[in-house]
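Subject: Handing over a structure

Dear colleague,

I am passing on the structure below, and I would be glad if you could read my notes beside it. The notes follow directly after it.

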Amino acid sequence: MDLRTPVSRSRHVGAVVLVVLSLAIGACNRPPPSVPQVQGKKPVAAEAPPKTEKPQGFALSSTRAEPFQGQLALTLEFTQPMVGTQGFDTLISVTGPKDENVQGSWALDDNG
């Protein structure tokens, strides 16, 4: 046996609807979440890359490490083509972190 009347049920339903609507309206007026400010230095993405000048004459223009024939290799790029008959092993040497000579050989790319 239910002691509630149809009027009290509609009041409960109306109160629930009113609470849900007020929460929905309150959520609509919230400002969007903001990203916190970085302290100190600007983020790296905001900084412009340093401008580099192209070297004049014969010079080393870039270096990088990349795989070559299954091993890690040091790639050197120069501003002018190299002569393939030169003995690069006697001209360039690489040392490790303990000042030991790194064993290996130099290979000239197809375009010099």
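Rings of Phe, Tyr and Trp (for Trp, its six-membered ring) are taken to pair if their centres lie within 6.5 Å, and such a pair counts as stacked with planes under 30 degrees apart, as edge-to-face over 60, and as tilted for the rest. By that definition, the structure holds one aromatic pair. Its members are Phe58 and Phe78, which are stacked, with 5.3 Å from centre to centre and 5° between the planes. The pair links distant parts of the chain, 20 residues apart, since Phe58 sits in the loop between helix 1 (6-28) and strand 1 (60-68), whereas Phe78 belongs to strand 2 (residues 71-78).

Please keep in mind that this is a predicted model, in which local features need pLDDT of at least 70 and side-chain atom pairs count only at pLDDT 80 or more, while totals for chains, interfaces and linings use all residues. Residues are numbered from 1 along each chain as its sequence is written, and side-chain values use heavy atoms, with hydrogens and water left out.

As to the overall layout, the chain has two helices and two strands, where helices (H or I, at least four residues) and strands (E, at least two) are DSSP runs numbered from the N terminus. Read from the N terminus on, the order of these elements is α-β-β-α.

The two strands, strand 1 and strand 2, pair in the antiparallel sense over eight bridges; for strands to pair, DSSP must find at least two bridges between them. Together strand 1 and strand 2 form a hairpin with two residues between them, and Gln69 in the turn has a positive phi of about 50°. Within this pairing, Ser62 stands opposite Glu77 in strand 2.

How far are the residues covered? Buried means under 20% relative accessible area, exposed over 50%, and partly exposed in between (1.4 Å probe, protein chains only). Of the 112 residues of the chain, 5% count as buried. Phe58 counts as partly exposed because its relative accessibility is 46%, and Phe78 is likewise partly exposed, at 25%.

Thr75, which lies in strand 2, counts as buried because its relative accessibility is 17%. Leaving aside residues up to four places away in sequence, Thr75 touches Ser62, Thr63, Arg64 and Glu66, a contact being heavy atoms within 4.5 Å.
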